[in-house]
Amino acid sequence: MKLVNIGFGNMVNSARIIAIVSPESAPIKRMISDAKENGMLIDATHGRKTRAVVIADSDHVILSYLQPEKLGERMGEAGNLQEDGSDV
């Protein structure tokens, strides 16, 4: 299992992530609202502005204060590590 830091030490299993998107569009705002109503929203912003929305294969929607580009970089870094933490 490879974990990605989404801010403030919060980690998400990188294999479960479907997409990392910006929260600005109306469809993403609706997705966040629906996830909140269904109890599937995880807010990892610690009260800061939401800059990225992580969509998981379990239908969970995770909010992060980090930029989508930064999370993408971290996903790439997580993909280059072996299970023991050493670089490939």
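The model is a predicted one, so local features need pLDDT of at least 70 and side-chain atom pairs count only at pLDDT 80 or more, while totals for chains, interfaces and linings use all residues. Residues are numbered from 1 along each chain as its sequence is written, and side-chain values use heavy atoms, with hydrogens and water left out.

To start with the fold, the protein has 2 helices and 6 strands (DSSP runs numbered from the N terminus, with at least four residues of H or I for a helix and at least two of E for a strand). Along the sequence they come in the pattern β-β-β-α-β-β-β-α. Of the 88 residues, 28% are buried (under 20% relative accessible area; exposed is over 50% and partly exposed is in between, with a 1.4 Å probe and protein chains only).

Met11 is partly exposed, at 47% relative accessibility. Together with Met1 and Leu3, Met11 makes a nonpolar surface patch of about 340 Å². Such patches take residues with over 30% relative accessible area and no salt bridge, joining nonpolar side chains (Val, Leu, Ile, Met, Phe, Trp, Tyr) within 5 Å and like charges within 9 Å; the areas come from the Shrake-Rupley method with a 1.4 Å probe, and for residues only the protein chains shown count as cover.

Phe8 turns up again in the ring contacts. A search of the whole structure gives 1 aromatic pair: Phe8 and Tyr65 sit 4.6 Å apart, centre to centre, in a tilted arrangement with 40° between the planes. Phe8 is in the loop between E1 and E2 and Tyr65 in the loop between E6 and H2, so the pair ties together parts 57 residues apart in sequence. (Rings of Phe, Tyr and Trp, the last by its six-membered ring, pair if their centres lie within 6.5 Å; planes under 30 degrees apart are stacked, over 60 edge-to-face, and the rest tilted.) Both rings are partly exposed, Phe8 at 34% and Tyr65 at 21%. Tyr65 also has Arg48 over its face, 5.7 Å from the ring centre (CZ of Arg or NZ of Lys must be within 6 Å of the centre and within 35 degrees of the ring normal).

Most residues other than glycine have a negative phi. His46, in the loop between E4 and E5, has a positive phi near 55° and is exposed at 54%. Asp59, in the loop between E5 and E6, has a positive phi of about 70° and is exposed at 60%.

As for charges, there are 2 salt bridges (a side-chain nitrogen of Lys or Arg within 4 Å of a carboxyl oxygen of Asp or Glu). One joins Asp57 and Arg16 at 2.6 Å, N to O, linking the loop between E5 and E6 to the loop between E2 and E3, 41 residues apart. The other joins Glu73 and Lys70 at 4.0 Å, N to O; both lie in helix H2, 3 residues apart, about one turn of the helix.
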